[in-house]
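I opened my notebook on this one to look at the domains and the charged pairs. Here is the model I had on screen.

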Amino acid sequence: MVRIYHNNRCTKSRATLALLEARGDDIEVINYLDNPPTAVELAVLLKQLGMTARALLRTGEAEYQALGLADQSLGESALIAAMVAHPKLIERPIVVANGKAAIGRPPETVLAIL
């Protein structure tokens, strides 16, 4: 089973989903804007990605500026809480398979975990 945290409005997310579908993978699609991950789920995703919460943030989003997330004194839990409350801040798409995760930017990067 392959899971994708997907945003249908995102070109990279659509391309990554199409890549997975073309491979014939059994896919669980999670529209993370409507169904955001919990703080625990996000912490697991970060571990699987090998990333910090700060690295997963979409810094170009208006919420990033409005919430003052550029403040380097904010810790992991504060940044995770911000992403849970404002899932638009989460970089996308995230694909999870075989106990690992990858961001589909470019879409082909997810092939390494399949």
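Entry 1: I began with Glu28, which is partly exposed at a relative accessible area of 32% (buried is under 20%, exposed over 50%, partly exposed in between, with a 1.4 Å probe and protein chains only). Its partner is Arg3, and the two side chains meet in a salt bridge at 3.0 Å, N to O (a side-chain nitrogen of Lys or Arg within 4 Å of a carboxyl oxygen of Asp or Glu). I noted that Arg3 sits in strand β1 (residues 2-6) and Glu28 in strand β2 (residues 27-31), 25 residues apart. Helices (H or I, at least four residues) and strands (E, at least two) are DSSP runs, numbered from the N terminus. Arg3 is partly exposed too, with a relative accessible area of 31%.

**Entry 2: ground rules.** I reminded myself that this is a predicted model, where local features need pLDDT of at least 70 and side-chain atom pairs count only at pLDDT 80 or more, while totals for chains, interfaces and linings use all residues. Residues are numbered from 1 along each chain as its sequence is written, and side-chain values use heavy atoms, with hydrogens and water left out.

**Entry 3: the other salt bridges.** I found six salt bridges in the structure. What links Arg58, Glu61, Lys88, Glu91 and Arg105? A network of salt bridges does. Within it, Glu61 pairs with Arg58 at 3.1 Å between the closest N and O atoms, and I saw that both residues are buried. Glu91 pairs with Arg105 at 2.7 Å. Glu91 lies in the loop between α5 (76-85) and β3, and Arg105 in the segment after β4, so this pair ties together parts 14 residues apart in sequence. Glu91 counts as buried at 18% relative accessibility, whereas Arg105 is partly exposed at 35%.

**Entry 4: two domains.** I looked up the domain assignment, which gives domain 1 (1-32 + 92-113) and domain 2 (36-88); such bounds come from an automatic or database assignment. Their centres, taken over C-alpha atoms, are 19 Å apart. Eleven residues of domain 1 contact eleven of domain 2 (heavy atoms within 4.5 Å).

**Entry 5: between the domains.** How many salt bridges does the rule find across the interface of domain 1 and domain 2? I got zero. On the side of domain 1 that touches domain 2, β3 (94-97) and β4 (100-103) are the elements giving two or more residues. The largest share, four residues, comes from β4.
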